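Subject: Structure handover

Hello,

The sequence and structure are below. My notes on the salt bridges and the overall chain follow.

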Amino acid sequence: MLKQKYILLLLLLVISFSLAFSQKQEQITGIYTNLEYFKESGDVVGMEVIIVYSTDGTKGQHYALVQEAQGQPSSPVLTQVTVNKDEIEFTIPDKQTNRTFKGKISKKELVGKFRGNDETIHLKRKRSYWQ
């Protein structure tokens with residue numbers, strides 16, 4: 001009888017761990033890019049987002065290094081990222097107005113939009129354009 005209880009307990013633990021790992025959320029940190037060079041015009045066009053994680057030992061925070069290009073690459077901007085499971089949000093300070101990006105991360109890409117803009121942006125998870 002005692003042996004059966006141990007086997008049942010072990011089986012329940014294995015099932016619990018299996019369920020926990022099957023519901024694992026996507027890794028948020030990584031490099032997401034669609035930057036592209038056009039040889040004919042010499043233009044670089046697109047966007048690259050590098051998401052990293054930092055902690056002071058008690059509280060953690062995600063950050064995004066964002067670089068956009070519309071002909072020429074802009075200076076990168078570092079901004080805090082709000083994370084809710086596989087959804088992220090960050091704001092890029094701009095001279096005229098701040099622009100807020102909302103997106104969803106999967107194993108292969110970051111897909112999202114800037115608030116007030118209907119264009120959906122697809123950034124593949126891969127090596128940086130600059131590598």
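Arg 99 counts as partly exposed, at 25% relative accessibility (buried means under 20% relative accessible area, exposed over 50%, partly exposed in between; 1.4 Å probe, protein chains only). This is a predicted model, in which local features need pLDDT of at least 70 and side-chain atom pairs count only at pLDDT 80 or more, while totals for chains, interfaces and linings use all residues. Residues are numbered from 1 along each chain as its sequence is written, and side-chain values use heavy atoms, with hydrogens and water left out.

The structure holds five salt bridges (a side-chain nitrogen of Lys or Arg within 4 Å of a carboxyl oxygen of Asp or Glu). In one of them, Arg 99 pairs with Glu 68, with 2.3 Å between the closest N and O atoms. Arg 99 is in strand E7 (residues 99-105) and Glu 68 in strand E4 (residues 60-71), so the pair ties together parts 31 residues apart in sequence. Strands here are DSSP runs of E, at least two residues; helices are runs of H or I, at least four; both are numbered from the N terminus.

Arg 99 also forms a salt bridge with Asp 94, at 3.8 Å between the closest N and O atoms. Shared partners join Glu 68, Asp 94 and Arg 99 into one network.

Another salt bridge is Lys 102 to Glu 89, 3.8 Å from N to O. Lys 102 is in strand E7 and Glu 89 in strand E6 (residues 87-92), 13 residues apart. Lys 102 is partly exposed at 46%, as is Glu 89 at 26%.

Overall, the chain has one helix and nine strands. Of its 131 residues, 24% count as buried.

Regards
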